[in-house]
Amino acid sequence: MTTLTAVEKKKLDNPPLDIHYLGDRVLRQPAKRIAKVDDKLRQTIKEMLQTMYSADGIGLAAPQVGIHKQLIVIDIALDQPDEPPLILINPKIINSSSNLCNSEEGCLSIPGVYLEVTRPDEIEISYKNELGKPCKLKATGLLSRAIQHEMDHLNGVMFVDRVNNNIALNEELKKRGFAASAVKPVKK
Ligand code: CO
């Protein structure tokens, strides 16, 4: 654990970054690989963490705050102040289980919308951490799901693009004021 990107897990009145919402084309642009992990990038990581904690989220991908870089912050232990967040730079899925599972997802870019998505249960990823060190990680359950959800953002994919239940999808989007035309279904 490094203190270089440590921030307090609390809500700020004025979070440093603005989150973009479904319908904004910024979210559809693919993110670029990061060539250098330096202090400037670590400052961005800190600001993303502060913005995520302020919005009560467990994950945030750089494109959601208008930064087109392959960078993700995740924290599934919001109630544990000493548990460090997971920082993923240039993440790649190197293995995923054929075992699929359904679970409800939400997204800071689609507030109020929660719907079931089918994804592989288990994944293994390679990535660089906030020090630029190459790492590998196996994940299941909520962590696996959060990683897959955030990695989709790096490809301009939103979780609603993967929802199978169209009736529920259109109903939820309408209720929360989002246009159904903002969904770009993923080809299966
Ligand atoms: Co999201």
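Which side chain meets that of R42 in a salt bridge? The partner is D39, at 2.9 Å, N to O. The legends below take this pair and other sites in turn. The model is predicted.

**View 1. A salt bridge joins R42 and D39 in helix 1.**
The N to O distance is 2.9 Å. R42 and D39 are 3 residues apart in helix 1, so about one helical turn separates them. An α-helix has 3.6 residues a turn, so residues three or four places apart point the same way. The two partners differ in cover. R42 is buried, because its relative accessible area is 13%, under the 20% cut-off. D39 is exposed, because its relative accessible area is 57%, over the 50% cut-off.

**View 2. The side chains of E105 and R145 form a salt bridge.**
Here the N to O distance is 2.7 Å. The pair links distant parts of the chain. Are E105 and R145 buried or exposed? Both residues are buried. They also belong to a network of salt bridges, together with R119, D152 and R162. The structure as a whole holds 10 salt bridges.

**View 3. K10 and E8 meet in a salt bridge.**
Their side chains are 3.8 Å apart, N to O. K10 is partly exposed, at 39% relative accessibility. E8 is exposed, at 57%.

**View 4. C107, H149 and H153 are the protein donors of the cobalt ion.**
The donor atoms are SG of C107, NE2 of H149 and NE2 of H153. They lie 2.1 to 2.2 Å from the ion. Along the chain, the donors follow the spacing C-x41-H-x3-H. C107 and H149 link distant parts of the chain, 42 residues apart. C107 sits in the loop between strand 4 (100-105) and strand 5 (115-120). H149 sits in helix 2 (residues 141-154). C107 is buried, with a relative accessible area of 10%. H149 is buried too, at 6%.

**View 5. The cysteines are shown in a structure with 0 disulfides.**
How far from C101 is the nearest cysteine sulfur? That sulfur belongs to C107 and is 18 Å away. C101 is in no disulfide, because a disulfide needs a pair of cysteine sulfur atoms within 2.5 Å. C101 is partly exposed, with a relative accessible area of 27%. C135 counts as buried, at 16% relative accessibility.

**View 6. Helix 3 (residues 166-175) has a buried side.**
Which residues of helix 3 are buried? They are L169, E172 and L173. These residues cover an arc of only 100° around the axis, so they lie on the same side of helix 3. The other side carries exposed residues: I167, E171, K174 and K175.

**View 7. I58, I76 and L142 make a nonpolar surface patch.**
I58 lies in the loop between helix 1 (39-54) and strand 1 (59-61). This residue is partly exposed, because its relative accessibility is 32%, between the 20% and 50% cut-offs.

**View 8. D56 and N90 have positive phi values.**
Neither residue is glycine. Phi of D56 is near 65°. D56 is found in the loop between helix 1 and strand 1. Phi of N90 is near 50°. Where is N90 placed? N90 is in strand 3 (residues 86-96). N90 is buried, with a relative accessible area of 7%.

**View 9. M52 is a buried residue of helix 1.**
Its relative accessible area is 0%, so M52 counts as buried. M52 and I94 are 42 residues apart in sequence. In space, their C-alpha atoms are 27 Å apart.

Key
Residues numbered from 1 in each chain as written. Predicted model: local features only at pLDDT ≥ 70, side-chain atom pairs only at ≥ 80, totals over all residues. Heavy atoms only, no water. Patch = residues over 30% accessible without salt bridge, like charges linked within 9 Å, V, L, I, M, F, W, Y side chains within 5 Å. Areas by Shrake-Rupley, 256 points an atom, 1.4 Å probe, with all protein chains shown as cover. Salt bridge = Lys/Arg side-chain N within 4 Å of Asp/Glu carboxyl O. Helix = DSSP H or I, 4+ residues; strand = E, 2+ residues; numbered from the N terminus. Buried < 20%, exposed > 50% of the residue type's maximum accessible area, 1.4 Å probe, protein only. Donors = N, O, S within 2.8 Å, 3.2 Å for Na, K, Ca; no water. Arc of directions from axis to C-beta.
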